[in-house]
Amino acid sequence: MDNYVIEMLGIRKEFPGIVANDNITLQVKQGEIHALLGENGAGKSTLMNVLFGLYQPEKGEIRVKGEKVNITDPNKANDLGIGMVHQHFMLVDTFTVTQNIILGSEPKQLGIVDLKKAEKEVVDLSERYGLKVDPQAKIKDISVGMQQRVEILKTLYRGAEVLILDEPTAVLTPQEIKELIGIMKTLIKEGISIILITHKLKEIMEVCDRCTVIRKGVGIGTVNVEETNTNELASLMVGREISFKTEKSASNPKQTVLRVDNLRVKDSRNVEMVKGLDLEVKAGEIIGIAGVDGNGQSELIEAITGLRKADAGSVFLNEKNITNLPPRKVTESGVSHIPQDRHKFGLVLDFPIGENMVLQTYYQKPYANSGVLSYSKIYRYAKSLIEQYDVRTPSAYTKARALSGGNQQKAIIAREVDRSPDLLIAAQPTRGLDVGAIEFIHKKLIEERDSGKAILLVSFELDEILNVSDKIAVMFDGKIVAIVRPQETNEQELGLLMAGSRKEKVGES
């Protein structure tokens, strides 16, 4: 008899206007890494939120180690040894790394939180699992990748026996992903079971034992990973064949659209992160920026888009100086921005998704006339974008926060691409998207390029950088250290350049 540590049998979960989970069964064995695979909005996170006690199912039952349980809230889940790392971080921005990790489980001395002891425990834990963090740094001052590490450490700190990881590698660099895979393998050896929600088929093939596939809220089945392949998994997930290679013709670059001269930018801690950087992006080409997170990419993008002041240097768009202009002025100059952090910079989560579709243009005609908004025109436009980009939502009036992460991302991409800017800045554009949606977005980027737009792509996914870019600018320690062509390089060479190795010859700049 199989030794199941978790059994979810016939689970049904409904929301107004949608059945998120329809009679789904998931059975996880002791000491295995079990993948949960499905398109954006298929119901994967909902199912795990049921297991973690955040949602209560309408039907079905949950068993932990063979015993039927009623998981009424996350505290009950924790008591049962179930921990969850959410796709969208559950961190307090103004707290330190240590304060977030110990929150609710603080070590105390005479009734007072022993912060020094806590910091030592955090350091020991981070070293043990190879997840290096600064225990005294505030969450608001650290990178998205570092925040992800804090979330993982927070769960490990509580000693979970079953660990749910919801898209844990979506924001990690290739090196960090490799480390995390090593950590997962270590945890399994210690008897911990892991449920891994991921869209990355290569990760499933590399690290998972079994995989349960969900399509549009319905369980398709469970397969042994060693008996399947990425093509079969992709087909099971989306119901059709997927192309993993983006077809594109050679680029035909024309005039320079973006020119960055000797740019210097500091981060929130007043540390210089962009150090005299030069960069050009021409009309009709995609420049991909490859680099390990924390080498100045975020500060560079924020300085170009007006979200952060540059300390020195210049940013030119079509030969017009846009350095340190407010974000709206940058937008009106012809720049679209798909931000790395969709919650902080991409959406107003408590606005309907329809109104989020016009955040950049709501004050212009036809959406406003003499300062009065035309909601009928806003929602007509929003509904057409929702349909065109397959944003899965009960309606255009649904609040943005109610959508899955992948569908939130598709909504932002729809808004920014449809504005047809001179320069499209895409920072982690496919973060959290399934393979079908990634295929669609890559085609959109190529279409924009072919229509004469300049595109600056920032991604930690080397597959994506190599697949989509016409030229790759490698960023290390705040500077562009090499510019190479995808057909003349590979992941290994890019990895070395990203780590600071010098290349004797670089391609054209």
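Guide: A salt bridge is a side-chain nitrogen of Lys or Arg within 4 Å of a carboxyl oxygen of Asp or Glu. This is a predicted model, in which local features need pLDDT of at least 70 and side-chain atom pairs count only at pLDDT 80 or more, while totals for chains, interfaces and linings use all residues. Residues are numbered from 1 along each chain as its sequence is written, and side-chain values use heavy atoms, with hydrogens and water left out.

Visitor: How far apart are the closest N and O atoms of the salt bridge that Glu-39 forms with Arg-392?

Guide: Across the interface of domain 1 and domain 3, the rule finds one salt bridge. By the domain assignment, which comes from an automatic or database source, domain 1 spans 4-238, domain 2 spans 243-334 + 421-509, and domain 3 spans 349-419. For the salt bridge between Glu-39 and Arg-392, the separation of the closest N and O atoms is 3.4 Å.

Visitor: Which residues of domain 1 lose the most area to domain 3?

Guide: The size of an interface is often given as the accessible area lost when the parts come together. Here the area buried between domain 1 and domain 3 (accessible area with a 1.4 Å probe that the two parts lose on being put together, summed over both) is about 560 Å², and carbon and sulfur atoms give 47% of this. On the side of domain 1, 57% of what is buried comes from three residues together, and those that lose the most are Asn-40, Gly-41 and His-88.

Visitor: How many residues of domain 3 are in contact with domain 1?

Guide: The C-alpha centres of domain 1 and domain 3 lie 31 Å apart. Contact here means heavy atoms within 4.5 Å. By that rule, eight residues of domain 1 touch a number of residues in domain 3 that is also eight.

Visitor: Which residue is the bridge partner of Asp-261 in β16?

Guide: Strand β13 (residues 256-266) is joined to strand β16 (residues 312-317) by five bridges, and the two run antiparallel. Leu-258 has Leu-317 as its bridge partner in β16, whereas the partner of Asp-261 in that strand is Ser-314.

Visitor: Which residue in the turn between β13 and β14 has a positive phi?

Guide: Eight bridges join β13 to β14, again in an antiparallel run, and Arg-259 has Glu-280 in β14 as its bridge partner. The two strands form a hairpin with five residues between them, and the residue whose phi is positive, at about 70°, is Asn-270.

Visitor: What is the omega of the cis peptide bond between Lys-365 and Pro-366?

Guide: Pro-366 lies in the loop between α12 (353-356) and β19 (368-369), where α12 is a helix by the DSSP rule (H or I, at least four residues). The bond that joins Lys-365 to Pro-366 is cis, with an omega of about 5°.

Notes:
Pairing = 2+ DSSP bridges.
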